[in-house]
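This report describes a predicted model. It takes up strand pairing, nonpolar cores, helix packing and backbone geometry in turn.

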Amino acid sequence: MGTKNVIVLPYDPKWKNDFDEIKQELVNAIGDLIVGIEHVGSTSVEGLSAKPIIDIDVVISDYSVFDIIVSNLSTIGYIHKGDLGIKDREVFKYSDKPHLRKHHLYVCPQNSKELLRHITFRDFLRNNPEAVKKYSKVKENAAKLFPDNMDKYIEYKSPCIEELYLLCGLS
């Protein structure tokens, strides 16, 4: 496996539109089966530096609709890859969507701990500009120090994330 370039950019207001474009495609395929579609991760927080990849959690009421979700998403090019070790967070990959910003797509039941973690952290950051500044700086430094090592990048920013998790009651 080759090295992964770590690119962290200053917040871009276009990320919100990028999310809306992806969301629209998802709604057209599965809108009547789901509870909601959440823009999570760093691109969802105004002012936060981020890797320019949109993180999306599709929220379902429970697993009773999951098989049809998998089937409908496959018709628009998403392939279910399992939970990849995180309970109640199903991963979907795609290979050919040049018209959309690169994104990570997850499907979570509404009682998922992982979904709660994503929403809690996002909402905390949206309401705490000082935390956003601090986290942005850490991510920018991590990307400068480890431009081609995603594991080291993640390791470097972990203490900051742990500290922020404490502040928003996640640890």
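## Strand pairing

Three bridges connect strand 4 with strand 5, and the two strands pair in the antiparallel sense. Within strand 5, tyrosine 106 is the residue that stands opposite valine 91.

Strand 5 is also joined to strand 2, by seven bridges, and these two strands run parallel. Here proline 109 of strand 5 stands opposite isoleucine 60. Strand 5 is largely enclosed by the rest of the structure, because six of its seven residues are buried.

## Nonpolar cores

The largest nonpolar core comprises 23 residues, of which Leu26, Ile56, Val58, Ile69 and Leu73 touch the most other members. At least two residues of this core come from each of helix 1 (14-30), strand 2 (54-60), helix 2 (66-75) and strand 5 (103-109). The most is given by helix 1, which contributes six residues.

Apart from this core lies another, made up of 14 residues that include Phe124, Ala131, Ile161 and Tyr165.

The surroundings of valine 58 can be listed individually. When residues up to four places away in sequence are not counted, valine 58 touches Leu26, Ile30, Ile34, Gly36 and Ile37, and also Leu105, Tyr106, Val107 and Cys108.

## Packing of helices 3 and 4

Two packed helices are described by the angle between their axes and the distance between the axes. For helix 3 (residues 113-126) and helix 4 (residues 129-145), the axes come within 6 Å and cross at roughly 105°. Helix 3 is therefore roughly perpendicular to helix 4, since angles of 65 to 115 degrees count as such.

On the side of helix 3, the contact involves Phe121, Phe124 and Leu125, which meet Pro129, Ala131, Val132 and Tyr135 in helix 4. Classified by residue type, the contact of helix 3 with helix 4 has seven nonpolar residues, with no polar and no charged ones.

The loop between strand 3 (79-80) and strand 4 (90-93) contains leucine 84. Phi of leucine 84 is near 45°, a positive value in a residue other than glycine. Leucine 84 has a relative accessible area of 53% and is therefore exposed, the threshold being over 50%.

Aspartate 88 is likewise placed in the loop between strand 3 and strand 4. Although aspartate 88 is not a glycine, its phi is positive, at about 60°. With a relative accessible area of 15%, aspartate 88 is buried, as the limit for that class is under 20%.

Methods
Residues are numbered from 1 along each chain as its sequence is written. This is a predicted model: local features need pLDDT of at least 70, side-chain atom pairs count only at pLDDT 80 or more; totals for chains, interfaces and linings use all residues. Side-chain values use heavy atoms; hydrogens and water are left out. A nonpolar core is a set of buried Ala, Val, Leu, Ile, Met, Phe, Trp, Tyr and Cys residues joined through side-chain atoms within 4.5 Å. Buried means under 20% relative accessible area, exposed over 50%, partly exposed in between (1.4 Å probe, protein chains only). Helices (H or I, at least four residues) and strands (E, at least two) are DSSP runs, numbered from the N terminus. Contact means heavy atoms within 4.5 Å. Axes are lines fitted to C-alpha atoms, for helices over the stretch in contact, and angles run from 0 to 180 degrees between N-to-C directions. Angles under 35 degrees count as roughly parallel, over 145 as roughly antiparallel, 65 to 115 as roughly perpendicular and the rest as oblique. Ala, Val, Leu, Ile, Met, Phe, Trp, Tyr, Cys and Pro count as nonpolar, Asp, Glu, Lys and Arg as charged, and the others, Gly among them, as polar. Two strands pair if DSSP finds at least two bridges between them.
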